[in-house]
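Hi,

Here is the structure I promised to send over.

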Amino acid sequence: MQYGPAVRRRQLGAELRALRGTAALTSSQAAASLGWHQSKVSRIETGRSGVKTSDVQRLLDLYEVRDPQLRDLLVALSGNDDAGEGRHHWWKAYRDLLTADYRDFISLESQASRMRTLETTVVPGLLQTRDYARAVTRAAVGGLPDAQVDALVEVRLARQDVLRAEPPLRLSVVLDEAVLRRPVGGPEVFAGQLARLLEVAKLPQVRLQVLPFTSGEHVGLIGPFVIFSFPNISDLDVVVLDHLTSSLCLERKEDLRAYTEAFNSLQDRALSPEDSEEFIAGLSDGAKEAP
């Protein structure tokens, strides 16, 4: 586990194995070319062993992988916090403050090309205002010193850069109506958050839909989840389920299919993006009028 969680090691291993096949090399030939034992290549490809950034780069050189975006993604999948610099690894400055699960979530988020999320309790972090984020953080990790709370809020706001990147992350959100009825931070803070939702809903890379109470029971009652998809690599989607003290990553094809079908079903049950904006605008007007 030294160089990342099992889900990412297995994904990386599968891609490296496929690239080795494309290069028409056996695992023994690849190992010999790099001065390694054959078992090292086998452990990397099966996900039984972590892999250093430098070793990933050597394998990619050997397999003549030139695409810089593909190389960046495979290096990131090593899960090594020392891998690379720049916007994909900005959170290194907060390493001592963030849990390993949170660092890994941010890494997936920063490398993904598409993110689909169901939220049933709070506004997604990528769409939160500073004041809303502070209220959520204080509720989730009560008792932290103000300086640490402020740092966690800065991390959450910095994550939002993926929506302004080139190309930007494509974000599809289904919000349960309960999210829009919970005045996190108080009336003024919540009114500002509703206004932010109306702003981001107009971004071409964001699809925001509201799942109203009138839809009745639905598959989303299982709780919130996130589906990440990545550029250039097929069959690499990851489902992330958040728990109080950890996150669970699902990668089995049947799990991915089930959650993808669930999300599609929720989008079909939800209001259209246009009707969702109108719904939020109505709540926003009411929040402004509240004493």
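Confidence first, since this is a predicted model: strand β3 (residues 206–211) comes out highest with a mean pLDDT of 98, and strand β6 (residues 247–250) lowest with a mean of 80. Over the protein the mean is 87, with 89% of residues at 70 or more. One stretch to watch is residues 81–87, where pLDDT stays under 50. The model has 16 contacts beyond four places in sequence for that stretch. Where pLDDT is low, the predicted coordinates should not be read in detail.

Now the sheet. It is open, has 6 strands with mixed pairing, and runs in the order β3-β2-β1-β4-β5-β6. That puts β3 and β6 at the edges, each pairing on one side only. From one strand to the next, the twist averages 15°. Strand β2 (residues 170–176) runs parallel to β3, and 6 bridges join them; S172 has R207 of β3 as its bridge partner. Helix α6 packs on this sheet, touching β1, β4, β5 and β6, and its direction makes about 45° with that of β4.

α6 (residues 100–111) also meets another helix, α8 (residues 146–159): their axes come within 11 Å and cross at roughly 20°. So α6 is roughly parallel to α8, and the crossing is left-handed. Which residues make the contact? On α6 they are Y102, F105, I106 and E109, and on α8 they are V155, R156 and R159. Sorted by class, that gives 4 nonpolar and 3 charged residues, with no polar ones.

Cheers

Technical notes:
Residues are numbered from 1 along each chain as its sequence is written. This is a predicted model: local features need pLDDT of at least 70, side-chain atom pairs count only at pLDDT 80 or more; totals for chains, interfaces and linings use all residues. Side-chain values use heavy atoms; hydrogens and water are left out. Axes are lines fitted to C-alpha atoms, for helices over the stretch in contact, and angles run from 0 to 180 degrees between N-to-C directions. Helices (H or I, at least four residues) and strands (E, at least two) are DSSP runs, numbered from the N terminus. Angles under 35 degrees count as roughly parallel, over 145 as roughly antiparallel, 65 to 115 as roughly perpendicular and the rest as oblique. A crossing is left-handed if the near helix is turned anticlockwise from the far one by less than a right angle, and right-handed if clockwise. Contact means heavy atoms within 4.5 Å. Ala, Val, Leu, Ile, Met, Phe, Trp, Tyr, Cys and Pro count as nonpolar, Asp, Glu, Lys and Arg as charged, and the others, Gly among them, as polar. pLDDT is the predictor's confidence in each residue, from 0 to 100. Two strands pair if DSSP finds at least two bridges between them.
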